[in-house]
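Good morning, colleagues. Please have the sequence and the structure open while I speak, and I shall take the chains and their elements in turn.

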Amino acid sequence: MVTKFLIQSLVYRFSDTVALNRVTLDIPANQITVVFGPSHAGKSTLLRCLNRLNDLIEYEETELAGRILLDGQDIYAPGVDVTELRRRVGMVFALPIPLPLTIHENVTYGPRMRGEKQPGRLDELVERSLRQAALWDEVKDRLHDPAMRLSGGQQQRLCVARTLALEPEVILLDNPTSGLDPLSTAKVESSLQELKEQYTIVLVPHSVQQAARVADVAAFMLGGELVEVGPGERIFTRPREARTEDYITGRFG
Amino acid sequence: MSRQTSQKIAFALLTAMAVIVVVPIVLVVVYIVIQGFGAISWEFLTGFPSNGMKSGGILPAVVGTVVLTFGTALASIPISVGAAIYLAEYARDSWLTRAIRMAIVNLAGIPSVVYGLFGLGLFVLFLGLGTSIVAGSLTLGLMTMPVVISTAEEALLTVPQRFRVVSHSLGATRWQTVRQVVLPNAIPGILTGVILGLERAAGETAPILFTVAAFYLPQLPRSPLDQTMALPYHLYVISTQVPGMPLEMQYGTALVLLVMVLGMNLVATLIRSRFRRRRQW
């Protein structure tokens, strides 16, 4: 298995809290890696280290130690183009956040910011991304309507399409189904199975059940530490750590 | 006294106070309209003063005020909006930004006559611009900056942070995020601030007193280095410096100034309410 992301003893601190404590994790390419655990375990912080979105935090002193390698390259090395990194490592957030633009403009936002101007190429990206996100048929006749007019479930699929339009290598999904009904959740989960053919996927799941359903690799986090990592089927049937077992059997969390 | 009674009294008192605020503005407007409406005519609006200001029109003053307002906009908007973008989008908390904010607060507190003297010293004399439209516009521009900067910064900060995060997550730079997402959604608020600032500039007398305003000119200004008449100063002149001035003409001039300023206010309100209805977030 090819390693996409290699995280080596990553420590991340906000002012006086240690959000991530010596996390070491190998994220394989073209697999679904699920990072699960109770709230405040550091899952979202870990995801936001992978595309350096944590760089945007301004109101607190932050500190990062350890290394994150993407295809062997340190993404925190000086001289790394962060915008290019974020294009390669796309992200879908917990709540759908369409920009106050049209559907078309939302999907093409990333490519346009990178300098893609050709209308034909942009239209093509829009159709392909919306199809991949299973939204094309619902919106193909109103691509120039405001994205905010879509329903919640449609907005979240739009956000997935917008991330796909970046043509990224990795997709980070931070609890993408938190606001969705079971039916839409099932749609998203099944599309993940298709997407992993092309992309490396890192998912913070909505629940332990979701983690068990989709994980190729599962990593259990607790209090900023990585407790256990292994193939999904093993973690959810024969965990080695007592804390992992307590959490997945519902004894806490 | 029962809780209900004290509640009723408190409610009545607070309502009365809110109404009292409205009374002066209504009285001022009504009084000036009644006193000045008779003076308004085509000749009054499009004619030059004649007979030692005692008859004729106020055209040069109206034109002067319009020109000065545009000049002020040119002088103030780029710097103010740029500073607001810097403060809202780029600045981190440091001694420099604290100093800038302190300066803005203090600028807002300076009396307008001091701006006038400062403009005289810097623009008219030191930079050799003379008493001119340029010098007056720069002085007025300086005066409007604190208002425009504060309202523009506020408008930028009301654009939800999540839009910025999403924009960055899609590989946009900070400047692209500002241009594509933040500014378009803040423009109406910024415009409101700009208009409020210009409105104050249009009505001020003291800053233009030493920097641009002319007592009387027989012609309209031809270049930015000319002096010009202006409504607030003209009103001051005909109210205090011209013996035997017909009262109706004074109120007529006040009415024209009031309509111009309130008109700008109305535009600002319209922009804001239109935007509120269109806003999607």
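I begin with chain B, where 40% of the 281 residues are buried; a residue is buried if 20 or more other C-beta atoms, placed from the backbone, lie within 10 Å of its own, exposed if 12 or fewer, and partly exposed in between. Please note that this is a predicted model, in which local features need pLDDT of at least 70 and side-chain atom pairs count only at pLDDT 80 or more, whereas totals for chains, interfaces and linings use all residues. Residues are numbered from 1 along each chain as its sequence is written, and chains are lettered from A and ligands numbered from 1 in the order in which they are written.

Chain B has 11 helices and two strands. These are DSSP runs numbered from the N terminus, with at least four residues (H or I) for a helix and at least two (E) for a strand. From the N terminus on, the order in chain B is α-α-β-β-α-α-α-α-α-α-α-α-α. Along the principal axes, the C-alpha atoms of chain B fill a box of roughly 70 × 65 × 35 Å. Of the contacts in chain B with a separation of 6 or more, 77% join residues 24 or more positions apart; a contact requires C-beta atoms, placed from the backbone, within 7 Å.

Which residue marks the bend in helix 8 of chain B? The bend, about 55°, is at B:L183, and the proline B:P184 follows within four residues. The angle is taken between axes fitted to the seven residues ending there and the seven starting there. Helix 8 (residues 174–203) of chain B has 30 residues, yet its end C-alpha atoms are only 38 Å apart, short of the 44 Å that a straight helix would reach. That expected span is 1.5 Å times one less than the number of residues.

I turn now to chain A. An open sheet of four strands in chain A has the order 2-1-4-5, with antiparallel pairing; two strands pair if DSSP finds at least two bridges between them. Its edge strands are strand 2 (17–28) and strand 5 (73–74), each pairing on one side only. Strand 5 of chain A is joined to strand 4 (residues 62–70) by two antiparallel bridges, and A:L70 stands opposite A:Q73.

Within strand 1 (residues 3–14) of chain A we find A:L10. Why is A:L10 classed as buried? A:L10 is buried because it has 24 C-beta neighbours inside 10 Å. Beyond its neighbours within four places in sequence, A:L10 is in contact with A:L20, A:V23, A:C49, A:G66 and A:I68.

Strand 6 (residues 89–92) of chain A is covered on both faces: A:V89 and A:M91 are buried on one side, A:G90 and A:V92 on the other. Strand 6 of chain A pairs in the parallel sense with strand 7 (residues 170–174) over four bridges, in which A:V92 has A:L173 as its bridge partner.

Finally, I consider the two chains together. In contact are 19 residues of chain A and 17 residues of chain B. The largest share of the chain A side, four residues, comes from helix 3 of chain A.

Terms used
Two residues are in contact if their C-beta atoms, placed from the backbone, lie within 7 Å.
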